[in-house]
Amino acid sequence: MGDLALIFGAALAAALCVGLVGAVALRLLRGHSILVHIVVLLAMTVSAVVAGVAVIAEAMFLSPHDLEVVLITVSAAAAVSLVVGWLFGRRLAAAAVWADQARERERRIEKGRRDLVAWVSHDLRTPLAGLRAMAEALEDRVVRDPDTVDEYHRRIRMETDRMTRLVDDLFELSRINAGALRLSLSAVPLGDVVSDALASTAPLAAARRIRLVAAESGWPTVTASEPELARVVGNLLLNAIRYTPEDGTVRVDAGRDADTAWLAVADTCGGIPESDLPRLFDVAFRGEPARTPRPGNGAGEGSGGLGLAIVRGLIEAHGGRVDVQNITDGCRFVVRLPAAGT
């Protein structure tokens with residue numbers, strides 16, 4: 001028993017020395033990836049075994065040949081252990097990173113869902129309260145003057161249209177997020193889509209004395225679903241008109257780079273704070289200072305902060321991307337889509 005105790009003590013001392021070195025290494029590498037920590041742990045474990053065997057073999061006064069055989073055998077087992085551990089460690093590290101990213105994504109989605117419910121509840125509560133008040137006034141005949149009655153009817157229709165647009169946006173966003181969006185791709189002349197969008201937004205722009213300027217030529221043909229592409233262009237134009245001050249300018253142009261077509265919508269909104277640029281396409285994000293709708297202009301109603309989120313979702317469903325950057329006196333949105341015939 002005495003010899004066994006000495007053997008155990010010697011092996012334990014050797015293993016503790018290796019463990020101490022490994023602990024220091026892990027502390028120095030604490031900012032590195034999970035895979036690095038797994039490899040260090042494996043190396044520390046295998047090294048502890050090798051050190052214990054080497055110390056005991058040396059203490060037992062084995063012949064050089066026998067000592068060499070023992071060390072070769074242990075080294076072979078250590079090499080196999082390290083390779084297998086490294087391979088499975090990569091899988092474990094990848095799974096851990098994926099799980100962490102999934103949790104972070106779930107937290108972002110849940111926060112976005114809560115924010116969306118809060119914003120939509122606010123956006124619906126205001127027009128509903130106004131609709132109820134006007135409906136009760138008409139029902140109780142509190143309002144009798146024909147002009148006032150007509151004005152109440154007009155406002156009821158406007159608020160109904162606003163809520164309809166909001167519900168449509170919510171439905172479209174839910175289809176995008178659920179992956180239920182089905183695109184019917186074809187070659188779509190971008191100039192025709194832009195022309196229709198300009199015609200539909202022209203009355204709003206004229207009411208606010210905003211000039212709509214479009215390039216006369218250079219419109220490419222893109223591979224897209226026309227209804228969804230029309231919604232993208234319409235949302236970008238409405239967004240630009242909504243945040244551009246009176247007597248401002250909204251400019252639309254397009255072009256083609258190799259196998260990619262691009263569409264740009266630039267405005268004179270005054271620019272976007274740099275810190276807000278990464279959040280501009282988030283659900284229910286309405287913007288700060290220069291991007292805040294101005295009271296009473298009639299252009300900021302009905303968006304619910306969903307328009308740009310829908311734009312990004314539809315463009316990404318087409319395999320494209322949308323970016324925004326500040327320019328002189330405003331900002332510029334650029335949509336990139338696959339060009340037809342590529």
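1. Helix α6 (residues 226-243) lies across β2, β4, β5 and β7 and runs at about 175° to β7. Axes here are lines fitted to C-alpha atoms, for helices over the stretch in contact, and angles run from 0 to 180 degrees between N-to-C directions. Contact means heavy atoms within 4.5 Å. Helices (H or I, at least four residues) and strands (E, at least two) are DSSP runs numbered from the N terminus.

2. On the source: this is a predicted model, in which local features need pLDDT of at least 70 and side-chain atom pairs count only at pLDDT 80 or more, while totals for chains, interfaces and linings use all residues. Residues are numbered from 1 along each chain as its sequence is written, and side-chain values use heavy atoms, with hydrogens and water left out.

3. The sheet is open and has 5 strands in the order β2-β4-β5-β7-β6, with mixed pairing. Strands β2 (211-214) and β6 (321-327) stand at the edges with a single partner strand each, so one side of each has no neighbour in the sheet. On average, neighbouring strands of this sheet are turned by 15° against each other, direction ignored. Two strands pair if DSSP finds at least two bridges between them.

4. Strands β2 and β4 run parallel and are joined by 4 bridges. Leu212 has Val250 in β4 as its bridge partner. Helix α5 (residues 190-207) packs on the sheet, where it touches β2, β4 and β5, and its direction makes about 170° with that of β2.

5. Of the 7 residues of β5, 6 are buried, where buried means under 20% relative accessible area, exposed over 50% and partly exposed in between (1.4 Å probe, protein chains only).

6. How many aromatic pairs are there? The count is 1 aromatic pair, with rings of Phe, Tyr and Trp (its six-membered ring) pairing if their centres lie within 6.5 Å; planes under 30 degrees apart count as stacked, over 60 as edge-to-face and the rest as tilted. Phe281 and Phe333 form an edge-to-face pair, 6.0 Å centre to centre with 90° between the planes. The pair links distant parts of the chain, 52 residues apart: Phe281 is in the loop between β5 (260-266) and α7 (307-317), and Phe333 is in strand β7 (residues 330-338). Phe281 counts as buried because its relative accessibility is 7%; Phe333 counts as buried at 1%.

7. Helix α7 is mostly covered, with 8 of its 11 residues buried. Among them are Leu308, Ile310, Val311 and Leu314. The cover over the buried residues of α7 includes α4, α6, β6 and β7. Just after α7, Gly319 takes a positive phi of about 85°.

8. Helix α4 (residues 146-178) has 33 residues and reaches 48 Å from its first C-alpha to its last, close to the 48 Å expected at 1.5 Å a residue. That expected span is 1.5 Å times one less than the number of residues. The buried residues of α4 include Tyr152, Arg162, Asp169 and Glu172. Just after α4, Gly179 takes a positive phi of about 70°.
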